[in-house]
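The entries follow the order in which I looked things up.

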Amino acid sequence: METTRTDHLKTAILLLAAAGLTLGLAFYFAGRTDIADLVWIVGVVPALAALVVEILRSLRSGEVGLDIVAALSMSAALLFGETLAAAVVAVMYSGGTFLEAFAEGRARREMHDLLSRVPRSATRHRNGGLEEVPLGEIAPGDRLLIRQGDVVPVDGTVVSDTAFLDTSALTGESLPVRLARRAEAMSGATNAGEAFDLMATREAKDSTYAGIVRLVEEAQASKAPMSRLADRWSLGFLAVTLGIAFAAWWLTGDPIRAVAVLVVATPCPLILAVPVALVAGLSRAAHFGVLIKGAGPLETMARIRTLILDKTGTLTDGRPQIVSIDSHDGMSEDNILRLAASLDQASKHPVAQAIVAAAKARGFTLPVPSDVAEIPGEGVVGHVKGRKVIVGGDAFVASRVGRRPDDHSAIAAGSVLVAVAVDGHMAGYLVMSDPLREGAGQMLDGLRREGIARILLATGDRADVAERVTEGLGLDGLRAGLTPDQKVLLVLSERKNGPVMMVGDGVNDAPALAAADVGVAMGARGAAASAEAADVVLLVDRIDRLGPGIEIARGAHRIAVESVVAGIGLSVMGMIAAALGYLTPVQGAFLQEAIDVAVILNALRALRIAPHEPTIPKPKAVSAGQAEIAQGAKP
């Protein structure tokens with residue numbers, strides 16, 4: 001609300017300054033210079049007052065910016081009767097601040113649709129019935145109903161026979177986990193199976209999810225406020241400006257020369273060109289599916305030296321996929337997949353849905369199963385076109401067909417085995433895993449060419465799984481089994497070597513994203529908390545967008561610096577001309593306006609930045625989210 005009021009105030013000041021300049025010029029050319037002077041003063045005073053308030057706020061926080069030069073130029077011009085020059089400066093300055101505020105506000109508003117994960121209420125058992133209650137009313141000992149697809153609202157223990165939870169947002173484990181009775185369930189996990197009952201052990205404010213949200217808030221609060229690129233040269237430029245203005249007045253005795261110097265020195269190349277270049281960079285990055293939440297994060301992206309990547313859902317796809325089919329008793333791989341997928345149509349389990357997607361990716365027509373019985377956490381039994389089919393865990397299927405489970409010790413770490421039996425005989429196995437994203441290796445190579453010196457993996461998954469998935473990527477380090485607070489510590493320790501970018505997609509990544517110099521969330525499927533904490537959101541579910549995003553950030557930053565150097569160089573030459581008496585304050589104001597136009601046109605080149613697109617092999621799947629199948633591969 002406060003930000004909205006500030007934006008409206010800046011808009012009003014800009015409109016008033018522009019209207020004052022335009023109306024004053026109309027009276028001036030009509031021969032009513034007295035009214036013109038009054039109108040210009042009316043247009044300048046609000047802009048000057050707002051500028052003085054902003055300067056005082058900055059000084060209280062220990063910051064000195066180039067706004068002081070703009071305030072001095074407007075004040076001096078009004079004091080010595082150069083009202084037209086003051087009006088031109090007011091329009092230039094208020095236009096720059098409005099553009100900067102607009103860029104920040106627009107980037108933040110784009111995020112609102114991504115923030116929807118936090119549960120607001122829960123379903124509680126009470127007096128033989130169910131009631132919907134706000135999260136704050138849940139107390140330890142309350143029995144809650146967690147329906148399929150619900151986010152677990154508080155920490156508790158499972159009081160049903162079994163529960164299937166998707167904990168990828170909390171632990172980094174990409175595949176759902178089965179919890180037995182009396183097992184502990186963390187808030188923030190999603191029910192991926194049938195409805196179950198949970199006995200609350202903590203209040204919502206003391207639960208895991210609430211703690212992660214607090215970590216995010218603390219990390220965000222510890223960040224320094226965004227400083228404009230212009231302020232880095234503020235003290236030096238301010239000293240040079242005042243020195244030239246004072247020398248011109250002292251040596252000639254003409255205060256108008258000092259006014260002309262201050263007007264020419266008004267740092268609009270810095271105030272305007274920098275936001276224009278960075279906003280153009282924001283727009284260009286969005287074209288490639290990279291949403292950057294403001295000019296500050298974009299500027300920081302240009303200086304990134306260390307990259308920390310989460311594994312599940314970031315470096316990997318985050319969804320179980322079939323990597324091979326092992327056939328027994330001569331049944332073809334196509335028939336095994338077709339029968340298993342046909343039966344799994346009756347299940348909402350993520351693994352079952354991945355099998356169905358894989359079959360549809362091959363173009364199979366799946367008949368409707370009959371006599372289906374699903375044993376939660378174990379498997380599915382039913383008939384497909386008169387044939388009895390069993391799909392589930394190896395032990396479950398083996399017990400149904402009267403045999404011992406096979407030895408699958410050779411299966412790669414992190415893989416999940418799905419057994420398939422047909423008409424009482426073991427038909428084969430579907431081997432599923434969370435594979436590396438297509439083009440991950442090319443993406444990392446491209447980032448190193450862009451100047452990223454150090455790339456690390458940080459995951460909550462097991463070390464053996466992480467090592468297998470990232471083999472051959474040439475990472476500079478791998479940290480496995482990390483909790484959210486340990487990821488924050490890793491980010492903070494790496495910041496000693498330069499600015500750090502953290503990329504993740506789950507709730508467990510949110511604190512680290514907020515602690516990093518630049519946090520990047522996989523927003524297409526990422527958790528709301530990570531999208532809120534991040535400075536950058538990849539709107540398409542492709543991590544290879546990160547390379548173009550960094551390239552655009554560096555290009556926009558380079559153009560902004562070029563604009564600053566050229567603009568300041570021209571301004572210094574103009575100040576010298578004004579000090580020597582070759583420019584009046586009005587001429588100086590219009591000269592500065594011409595410099596602004598030239599510098600802004602240069603800054604707009606950021607809209608034409610063409611990043612190198614990585615060459616990514618086309619996936620075998622028909623569409624995003626469908627599983628790939630490596631035919632002929634054996635576990």
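**Entry 1, basis.** I worked from a predicted model, in which local features need pLDDT of at least 70, side-chain atom pairs count only at pLDDT 80 or more, and totals for chains, interfaces and linings use all residues. Residues are numbered from 1 along each chain as its sequence is written, and side-chain values use heavy atoms, with hydrogens and water left out.

I took helices as DSSP runs (H or I, at least four residues), numbered from the N terminus. I looked up helix α20 (residues 546-579) and helix α21 (residues 585-603), whose axes come within 9 Å and cross at roughly 165°. Axes here are lines fitted to C-alpha atoms over the stretch in contact, and angles run from 0 to 180 degrees between N-to-C directions. α20 and α21 are therefore roughly antiparallel to each other (angles over 145 degrees count as such). Their crossing is right-handed, a term for the near helix being turned clockwise from the far one by less than a right angle, with anticlockwise giving left-handed. For the contact (heavy atoms within 4.5 Å), I noted residues including Ile 559, Gly 567 and Leu 570 of α20 and Leu 591, Ile 595 and Val 599 of α21. By class, this contact has 6 nonpolar, 6 polar and 1 charged residues. Ala, Val, Leu, Ile, Met, Phe, Trp, Tyr, Cys and Pro count as nonpolar, Asp, Glu, Lys and Arg as charged, and the others, Gly among them, as polar.

I then found helix α8 (residues 255-265) packed against α21 at an angle of about 10°, with the axes 8 Å apart. α8 and α21 are therefore roughly parallel to each other (under 35 degrees). Among the residues that meet are Val 259 and Val 263 in α8 and Gly 588 and Gln 592 in α21.

Helix α2 (residues 33-60) and helix α3 (residues 67-79) pack at about 145°, their axes 10 Å apart. The crossing of α2 and α3 is left-handed. The contact includes Leu 48 and Leu 51 of α2 and Ala 71 and Met 74 of α3. Its classes are 10 nonpolar, 1 polar and 2 charged.

I found 2 cavities of 30 Å³ or more. A cavity is a set of points on a 1 Å grid over the protein atoms alone where a 1.4 Å probe fits but cannot get out, and lining residues have an atom within 4 Å of a point. The second largest cavity has a volume of about 50 Å³, volume being the space filled by probe spheres set on the points, which are joined across faces, edges and corners. Of its 11 lining residues, Ala 192, Gly 193, Glu 194, His 349 and Glu 374 are the closest to its centre. The lining has 3 nonpolar, 5 polar and 3 charged residues.

Conventions
Helices (H or I, at least four residues) and strands (E, at least two) are DSSP runs, numbered from the N terminus. Angles under 35 degrees count as roughly parallel, over 145 as roughly antiparallel, 65 to 115 as roughly perpendicular and the rest as oblique. On a 1 Å grid over the protein atoms alone, a cavity is a set of points where a 1.4 Å probe fits but cannot get out, and a pocket is an open set with protein on both sides within 12 Å along at least five of seven lines; lining residues have an atom within 4 Å of a point.
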